[in-house]
Structure formats: structure tokens, C-alpha cells
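Please read them alongside the model.

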Amino acid sequence: MTATDQLLFQGADWDFRTLQKICDTCEQVACDELGLNVYPNQIEVITAEQMLDAYSSVGMPLFYKHWSFGKHFAFQEASYRKGLMGLAYEIVINSSPCISYLMEENTATMQTLVIAHAAFGHNHFFKNNYLFKQWTDADGILDYLEFAKRYVAHCEDRHGRQAVEHTLDAAHALMSHGIDRYPGKKSLDLRAEEKRAGRRRAHEEAAFNDLWRTVPGGKVKSSAILDVERRRQMLGLPQENLLYFLEKTAPRLRPWQRELLRIVRHIAQYFYPQSQTKVMNEGTATYVHYRIMNRLHQQGRLTDGNFLEFLQSHTNVVFQPEFDDPRYSGFNPYALGFAMMQDIERIVTDPDAEDREWFPDIAGKGDAMAVLRDIWANYRDESFISQFMSPRLMRQFRLFHLHDDPEERAGILVDAIHNERGYRRLRRELARQYDVGFIDPNIEVVDVDLAGDRRLMLRHTVVKGAQLTETDTKRVLQHLADLWSYDVSLVEADAAGTVLKEYVAHPRNLAAAA
Amino acid sequence: MAIHIVDRRLNPGSKSLENRQRFLRRAKALVQGAVKKSSQERDIKDVLEGGEVSVPIDGMDEPRFRREGGTRDMVLPGNKKFVEGDMLPRPNQSGGKGRGAGEGDSEDTFRFVLSRDEFVDLFLDDLELPDLAKRKLAEVECEGIRRAGYSTSGSPANISISRTVSRALARRVALRRPRPEELAALEAELEDCSEARRVEVLAEIEALKAKIKRIPFIDPIDIRYRRFETVPKPVAQAVMFCLMDVSGSMTEHMKDLAKRFYMLLYVFLKRRYRHVEIVFIRHTDRAEEVDEQTFFYGPASGGTLVSSALQAMHDIVRTRFRPEDWNIYAAQASDGDNSYADGEVAGRLLTDKILPVSQFFAYLEVGQENGLSYEMPNSALWTLYEGLRANGAPLSMRKVNERSEIFPVFHDLFQRRTQQERTAS
């Protein structure tokens with residue numbers, strides 16, 4: 001066989017036969033040589049406009065209708081047209097089959113890169129990482145989204161667009177606090193959820209009897225006898241999943257409103273692992289595409305020219321500007337993830353004395369892919385960084401830690417740098433930046449005043465003096481009060497229990513919610 | 001493992017269209033305000049092009065719980081000279097401190113692009129054509145003809161040959177009419193066959209011929225005629241007359257104002273009618289129909305006789321635009337000068353000839369830049385038209401001095417009104 005026979009393609013053009021060939025070859029390398037375990041792949045070629053569409057509905061192929069997605073679309077379209085923003089080369093969806101969207105404008109090299117990156121890198125991560133296994137149901141997500149879309153449309157027909165929009169607005173405002181952070185007893189099965197909702201509706205319709213409305217209610221139990229502890233236990237308090245709490249206990253929500261809250265909550269939960277594994281996810285995908293592309297070049301399946309094109313865009317992707325660079329906007333997850341994966345490969349195959357001291361478990365083990373596969377399966381960003389950031393990498397990135405205390409008049413303290421004394425502190429602080437426990441404000445429902453005016457009481461536990469922004473908080477609480485339909489109060493207190501600030505919101509229209 | 005590759009490019013695009021419309025509906029008041037504002041800044045031609053508007057984010061925001069302030073720890077890449085324990089001076093107004101409470105959003109306005117249609121829609125949204133129900137003209141419809149299937153009777157000119165022939169064929173097949181080939185085959189057999197057979201064949205041929213005769217190739221019951229029916233057709237075309245005084249007293253500025261008004265009217269009519277024609281009539285002491293370029297920029301001088309333009313318009317309507325077939329709109333721009341003697345002629349022309357056939361007649365009095373309209377005495381033409389209006393002639397009249405007044409005036413003229421307001425205005 002001559003060299004040209006082995007080439008996947010030449011130049012920049014591709015057609016669907018080329019794509020198929022690229023996929024097959026990538027699959028060989030990914031599954032046989034790297035030992036990846038992936039969901040079946042589905043690759044869809046789309047236009048720039050369709051990519052913008054996908055952007056505005058959080059990357060999902062189908063989604064319910066809401067004005068806020070239109071707003072994002074308008075905004076992104078404007079910045080895309082002005083050339084402020086390039087579009088991603090791909091979007092990949094955590095589902096089975098795993099759907100990757102490829103832009104039609106990509107060159108053949110870019111398509112190869114993107115297929116290796118998304119259809120094998122991300123795909124493997126989705127299928128194997130423990131967070132995704134625990135929190136998401138790749139088989140059911142597309143069906144569930146389809147259900148959600150239909151259900152929302154159905155509600156709009158029955159109850160009016162205004163009412164649905166209002167409920168969704170409120171639910172979206174609380175989306176970041178609609179997540180279970182700790183695994184419960186039951187794992188999520190989205191198909192069963194959909195069936196359950198249908199059954200419940202059918203039962204309600206079958207069992208509907210207008211006479212029940214006229215039956216006088218029983219005597220209200222004297223709430224005085226319910227002591228605080230028992231009440232809190234019955235309501236499942238304290239509860240940090242605000243949407244769940246409202247869905248289950250808000251007194252005057254209609255059934256369909258509860259179902260909408262449930263839908264928003266499930267979707268938030270579905271995205272929860274992605275926000276915790278940004279660095280690892282991108283690192284994995286970048287590492288995988290780098291390995292696959294190099295292998296293809298070695299095998300003579302890519303020309304030198306195409307390989308150079310790949311290297312150029314790869315280098316752009318993993319570029320990390322320094323802190324004083326105008327382009328700096330935080331850590332680039334691709335750069336950090338890729339650097340760490342490569343560093344681990346080095347530690348496993350070619351460790352030095354320092355590595356043996358820091359990473360006795362993996363240093364010199366020899367099989368880099370086995371170690372990496374294990375890491376990809378069992379860590380999230382925070383634990384990954386706190387375990388595997390090596391001193392060598394900290395020196396390479398020249399990391400340093402700033403401690404900014406507003407009380408300190410003299411300025412900002414350089415607390416640690418990349419030296420022997422600083423490694424562990426640097427690593428701990430960096431890991432903390434990726435800890436979801438610190439990223440979202442910690443807000444819980446602490447009590448409901450059942451004896452009095454049914455006020456819902458929330459508490460924000462202030463960490464390191466960072467308080468909630470006032471305007472936004474008022475608006476969110478307004479939405480919360482509308483759903484709860486009685487007063488809502490939020491107390492900001494620090495660890496010692498000192499109250500720093502208190503908010504109260506009143507529901508806007510009791511009649512509308514009733 | 002099978003890999004599916006799907007080409008989605010041909011899928012219907014603009015999946016986000018509905019979300020976008022919802023967004024625009026929700027932001028309508030805000031966007032409309034922005035559209036009005038931006039349309040005052042730009043040329044009328046550009047108004048048609050749509051484009052970028054920015055709306056305040058207020059009311060369109062999606063609030064979330066956010067935090068700010070407090071002690072911050074950060075790990076950064078790219079250390080060059082810092083060592084542990086260094087104190088760095090804070091940059092002026094360091095982030096997190098200088099911001100007022102609640103500025104969670106990094107931007108307080110939100111810019112996005114409206115398409116041409118969206119822009120014009122929003123811009124003209126609360127305007128409507130003057131309702132002329134009281135005049136029969138608005139309801140005049142002409143009759144159109146359209147195909148409506150087939151019928152068994154009709155004029156020979158309307159015979160549908162293909163339908164008729166296919167029905168005949170069906171009938172011939174159903175009744176088993178012998179085909180000519182069968183007859184030819186028998187006759188060929190007749191040529192060389194035994195005597196006994198000959199008699200049989202002859203009988204068969206006879207039978208076939210008889211059958212062919214009984215079953216005609218085309219029977220009257222096969223014949224079908226194309227049927228037509230008449231349908232009422234709304235008048236979907238409009239003509240717009242632009243009348244302008246081009247005598248020496250009209251300055252460039254005044255013409256510019258008039259031009260802007262005409263263009264707006266054109267855009268507006270264009271949205272309502274499939275076909276809009278424009279007729280430009282300029283006049284001094286005599287009127288002529290000209291093309292657009294000459295109309296706005298051609299030099300002319302002379303006295304002023306408004307009636308000449310009205311007469312010209314009347315002639316053109318009579319010869320080219322039958323009021324039954326055309327919606328007629330007219331807008332007249334002038335600085336208000338007219339020779340005193342002409343007043344009566346013009347008034348009569350207007351009330352007797354022009355207004356009865358027009359859907360709408362607007363008079364726009366353009367003034368000097370920086371001129372203050374309320375300080376000027378009413379011009380000859382204004383006084384004349386006001387008199388007509390007082391006698392119940394359906395005329396709209398406005399005064400304009402500044403470019404920025406064009407939009408409000410236009411808006412005012414076509415604003416959606418309640419019945420009472422309409423009769424009052």
C-alpha cells in the first residue's frame with residue numbers, strides 16, 4: 001500500500017464518506033489502543049445558524065419554549081455577527097446515543113479533531129465518570145426533554161401562556177438552588193418520572209368530583225402541639241433544594257405548577273455534574289484528541305500539513321494567558337485539564353524523585369491509560385486538583401495565591417507562591433475554587449411559621465463575608481414569595497450566628513396563585 | 001459499533017424563532033421605545049434596514065442569588081517576581097468594591113439585532129390605516145375568476161380535452177370495446193385459412209364491428225367542461241400621490257422634510273398593499289408629473305398655484321387609476337404659500353373631485369429650520385384647508401419644522417384611535 005492510500009483525506013474538503021472513515025479510524029485508536037468505553041455515537045452536521053439555536057437552548061437538541069432562550073439567542077447572534085464571538089466547533093450531548101454536533105464549515109482536519117474530542121473524549125467521560133453515573137440518566141434525557149417540551153406546551157394551552165411563563169420565570173430564578181447535592185436513596189429514572197406524571201394526571205381526571213369542593217374541611221389541628229422539632233422533621237428541614245421544597249410543600253401551587261418546578265429541577269440536576277467537572281471533562285477530551293491525532297499522524301493517515309493545522313488550533317485551545325495579560329479571564333479549563341493529564345502521563349511513565357515522593361501510588365506504574373481511566377472515572381475537578389496537581393506543574397504555570405481582605409488597608413497579600421512552602425497551600429486553594437460547596441451561596445429553608453402567618457424562613461450562611469447582592473436577591477425572593485404565596489424572609493448570618501442582613505418579600509398576587 | 005452520521009443542515013432552521021418572538025413580545029415596550037429612539041437618529045432609508053437596538057436590561061433580567069464582597073482568595077498563573085508575604089497595592093477602585101449594590105449584571109443595556117421586518121413591524125405597530133368605512137370606496141371589491149373543478153355542461157370553448165379523453169378511455173375499457181389490433185389480427189387470419197374456419201372468422205369480424213359501432217370512441221357523457229367561478233377580490237393595490245410645491249420659497253430643508261414624510265408613508269403603505277405605485281407631481285404655477293429625482297432635486301421657479309397640482313392629480317386619477325381598482329392616497333407638502341385668487345378653485349377641486357375618491361389626504365406644512373410654528377401666522381393654504389376641514393372635509397394637516405418632528409407627526413396621523421377620537425380629530 002502506498003502512503004496516499006492510507007491517508008484519510010487530503011486538503012480541507014470532506015464529504016460524508018470521509019467522515020465515516022474518520023470515525024472508524026478514530027474508533028479503532030480510541031477503543032483498541034486507548035481502551036476507551038463509549039456510548040454509541042451519533043454525529044450530526046449542522047450549520048452556523050443551527051449552532052446558534054443550540055447555544056440558546058443550553059445546547060440541547062430540544063427544549064421547552066421560553067423567552068429567556070430567545071434573549072440569549074438575540075444576544076449571541078448579535079455578538080456573533082459583529083465577530084466578537086466565534087462559534088464552538090462542536091457541541092456534545094450527554095445522552096445515549098451520544099450526539100455530537102459538527103459545524104459544516106470545519107475543515108476535514110477540524111472534523112477529525114472534533115470527532116476525536118467530542119465523540120470519544122467527552123463521550124468516554126460521560127459514560128464513566130461517577131458523577132454522571134450518579135446524577136444523570138443518559139438513556140432517558142432526550143425522552144424526558146421531549147416530555148418536558150410537550151408538557152409545557154400543553155400547560156400553555158390549558159392554563160395560558162402568562163401563567164406558565166410566570167411560573168417558569170420563578171423556577172429559573174431558583175434553578176441554581178434546585179439541586180440535590182447529596183445522593184438520595186433512589187436513583188433518578190426519567191422515563192419512570194414521565195410515566196408517573198401521566199398516571200397522576202389521569203388519576204386526578206378520573207377521580208375528579210366537584211362535590212368534594214363542597215365538603216367542609218376537618219378541624220384544623222392545633223398547631224401549638226406541634227413542637228418545632230417535629231414540624232421541621234415533617235417538612236424535611238433544613239432543606240437546601242428550594243425548588244424541591246416548594247414543589248412538595250408550597251401550599252397553594254396547582255398540580256401543573258408543581259410539575260413545572262419538577263421539570264426545571266430535573267434539568268438543573270442533569271447539568272449539575274457538568275459544572276463540577278469542567279476541567280476534567282475538557283482535559284479528558286483534549287488529551288484524547290491529542291493522543292488520537294498524534295497516532296493518526298504516526299500511522300501516516302494525516303499529512304504533515306493537516307497535522308500542522310491541527311497543532312495550530314490545538315495550541316490555541318490550550319493557551320493559558322498569564323494573570324497580567326489583557327486576555328486573562330481565569331483559568332482555561334482546557335489548558336489546565338490537558339496540562340494535568342499530560343503531567344500524569346509523565347508521572348506514570350517517567351517519574352523523577354519528586355514525583356515518587358508526592359505520588360507514590362501512581363509514579364512509575366507504567367500504564368498511563370489505566371491510571372488516567374481510573375482518574376476519569378472516580379474524581380471531580382475539586383478532588384482531581386487537590387490530588388494530582390504536581391509541584392512541577394505549579395512551577396510550570398508559576399502559580400501564586402492572593403489573599404484579598406477588604407479590612408486590610410495595606411493591600412493584597414501574596415499568601416503562597418510556587419515553592420516548597422507553598423505547594424500544598426496553592427493546591428488546596430486552587431481546588432477550592434472548583435468546589436461547588438464554595439461556588440454557590442449556601443441558602444437553606446430553615447423553618448415555616450405554621451402557627452402564624454405561614455412565613456417561609458430562609459437562611460444564607462455567609463462564608464468569608466461575601467453577602468448576597470441586594471437587587472438580585474430581592475427579585476429572586478419576589479419570585480419565591482409568588483410561588484410560596486405567603487411572606488418569605490431571608491436572613492444572612494455568619495458562622496457565629498450574627499445576623500448581618502434580613503430581607504422580607506410579600507407575594508404579589510395571592511388570587512393568581514390560588 | 002455503528003456510528004450514525006446525520007446531515008441536519010437541511011432541517012428547518014430558526015428553531016429559536018418562537019423563543020425570539022416571545023422575547024420580543026415580552027420586551028415589546030422596551031424595544032419599541034428603543035426603535036423609536038434609534039429611528040430618529042438615522043436616515044429614513046436606514047429605518048428600513050432594521051439593525052441594532054439596545055434595550056435596558058431592566059425588566060428583562062433573570063435574577064439569581066449572587067454574592068459579592070468579603071475576603072477573596074484566588075490562585076493565578078504567571079507569577080514573575082512576587083514572593084510570599086509581599087503586599088500588593090490595590091488597584092484603584094478594585095473590583096467588588098466600587099460597584100453599587102445589586103449590579104450583578106455586568107452590562108446594564110442589552111444590544112441585539114432586529115431584522116428589517118421586525119424593525120418595521122415594531123416601528124409601525126401602533127399605527128393603522130385611517131378607517132374609511134363610512135366611505136364606500138374602502139369596501140369596493142372587484143370580481144376575479146378562478147378555476148373550480150369540472151362540470152357536465154358548458155360552452156365548447158371550455159371543453160377539457162384531457163379530462164374528456166381520459167373518461168372516454170375508462171369507459172371503453174370498462175365496456176370492453178374491441179381494439180383495432182384485434183380486428184386487424186382476424187382480418188390477417190382471413191387471408192390464409194381453411195374454408196371452415198373462414199366462416200367462423202367472418203362471423204367474429206362482423207360481431208366485433210358491430211360492437212365497435214355500439215360503443216363509440218367518445219360518447220357525449222364523457223365530455224367535461226372546465227368550470228370557473230367568480231370570487232370577490234379585495235383591492236390589493238394602492239397609488240400614492242406626492243404633491244409638492246417647488247417654487248422658489250421651498251428650501252432644501254423643507255424638501256428634505258417632505259421627502260422623509262413621503263418615504264414613511266411609502267413604507268407604511270407597502271406593508272398593507274401588495275402593490276404600491278407612486279406618482280410625483282410638482283408644481284409652481286403649473287404642475288407636471290416628474291420622476292423622483294427631478295421631484296426632489298430638479299430646479300424650478302415660478303409662482304404658486306396649488307390648484308394646478310390638484311387638477312393634474314385629478315387628471316391622472318381619471319386616466320390611469322380607476323378609484324374602483326385603486327386605493328388612492330395623497331400627501332401634499334408645501335410651505336403654505338398660494339396666490340389668494342387660487343384659493344377658491346383649489347378648494348372646490350379638492351372637495352368635489354379629489355377627496356371623494358381618496359382614502360386619505362394629508363397636508364404637511366413644512367417650515368424653516370428653527371422656525372417656531374406657533375409664532376408664525378397661519379399661511380394662505382393652511383387657512384384655506386382649515387376652512388374646508390371645518391366644513392367637514394376629511395383632511396389631515398400638520399406642521400413640521402424639524403427633522404425630528406417627522407416621526408411624531410407621522411405617528412400622530414396614523415395612530416390607532418377610538419371611534420370618538422376619530423370623529424373629533
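**Notes on the strands and the interface**

1. Start in strand 5 of chain A: there A:Leu413 is the bridge partner of A:His403. Strand 5 (residues 412–417) and strand 4 of chain A pair in the antiparallel sense, over four bridges. Pairing here requires that DSSP finds at least two bridges between the strands. Helices (H or I, at least four residues) and strands (E, at least two) are DSSP runs, numbered from the N terminus.

2. A word on the basis. This is a predicted model, in which local features need pLDDT of at least 70 and side-chain atom pairs count only at pLDDT 80 or more, while totals for chains, interfaces and linings use all residues. Residues are numbered from 1 along each chain as its sequence is written, and chains are lettered from A and ligands numbered from 1 in the order in which they are written.

3. Strand 4 of chain A (residues 400–404) is mostly covered. Four of its five residues are buried, that is, with 20 or more other C-beta atoms within 10 Å of their own, C-beta atoms being placed from the backbone.

4. Strand 4 of chain A also reaches across to chain B. Five bridges join it to strand 4 (residues 72–76) of chain B, and the two run antiparallel. B:Met74 stands opposite A:Leu402.

5. A further cross-chain pair is antiparallel too: two bridges join strand 8 (residues 467–468) of chain A to strand 3 (residues 67–68) of chain B. Here A:Gln467 stands opposite B:Glu68.

6. Now the whole interface. Chain A puts 79 residues in contact with 55 of chain B, contact being C-beta atoms, placed from the backbone, within 7 Å. Helix 4 (residues 67–81) of chain A gives the most to chain A's side, with 11 residues.

Methods. Contact = placed C-beta atoms within 7 Å. Buried ≥ 20, exposed ≤ 12 C-beta atoms within 10 Å, placed from the backbone.
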